[in-house]
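Thank you for letting me take a few minutes of the meeting. Please have a look at the fold on the screen, and I will walk you through some parts of it.

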Amino acid sequence: MKELVQYLARSLVSNPDAVEVTETQNNGASVLELRVAKEDLGRIIGKQGRTAKSIRALLNAAASRSNRKVVLAIVEEK
């Protein structure tokens with residue numbers, strides 16, 4: 001799952017080297033934290049969150065095939 005998010009994010013942003021995905025376990029679900037460069041955050045979220053929703057939909061479809069629960073968190077660096 002981590003590789004899928006990393007692939008999708010790197011293909012969307014203008015600075016693919018800054019893409020970082022970390023995976024943790026929380027209450028039986030995998031939590032994927034996505035960090036990108038500050039100027040690429042809008043590209044990942046998209047207009048009205050449509051791109052983020054699409055990434056989450058693809059992730060949930062892939063996770064359901066292996067009977068897993070996966071949550072995507074887009075982390076904004078301060």
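In which sense do E1 and E2 pair, and over how many bridges? Please keep in mind that this is a predicted model, and in it E1 and E2 pair in the antiparallel sense, over 7 bridges. Within that pairing, Val21 stands opposite Leu34 in E2.

Let me now turn to the whole sheet, which is open and is formed by 3 strands in the order E1-E2-E3, with mixed pairing. E1 and E3 each have a single partner strand and stand at the edges, so one side of each is left without a neighbour in the sheet. On average, and ignoring direction, neighbouring strands of this sheet are turned by 25 degrees against each other. Helix H3 packs on the sheet, where it touches E2 and E3, and the direction of H3 makes about 150 degrees with that of E3.

Next comes helix H1, residues 2–12, whose buried residues are Val5, Leu8 and Ala9. Because these residues cover an arc of only 95 degrees around the axis, they lie on the same side of H1. In general, an α-helix has 3.6 residues a turn, so residues three or four places apart point the same way. The face of H1 turned away from the buried side carries the exposed residues Glu3, Tyr7 and Ser11. What covers the buried residues of H1 includes strands E1, E2 and E3 as well as helices H2 and H3.

Finally, Ser64 lies in helix H3, and a polar atom of the Ser64 side chain is 2.9 Å from the backbone oxygen of Ala61. Ser64 counts as partly exposed, because its relative accessibility is 46%.

Technical notes
Residues are numbered from 1 along each chain as its sequence is written. This is a predicted model: local features need pLDDT of at least 70, side-chain atom pairs count only at pLDDT 80 or more; totals for chains, interfaces and linings use all residues. Side-chain values use heavy atoms; hydrogens and water are left out. Buried means under 20% relative accessible area, exposed over 50%, partly exposed in between (1.4 Å probe, protein chains only). Helices (H or I, at least four residues) and strands (E, at least two) are DSSP runs, numbered from the N terminus. The arc is that of the directions from the helix axis to the C-beta atoms. Contact means heavy atoms within 4.5 Å. A polar contact is a pair of N or O atoms within 3.5 Å; within protein, one must be able to donate a hydrogen and the other to accept it, and residues adjacent in sequence count only if both atoms are side-chain atoms. Two strands pair if DSSP finds at least two bridges between them. Axes are lines fitted to C-alpha atoms, for helices over the stretch in contact, and angles run from 0 to 180 degrees between N-to-C directions.
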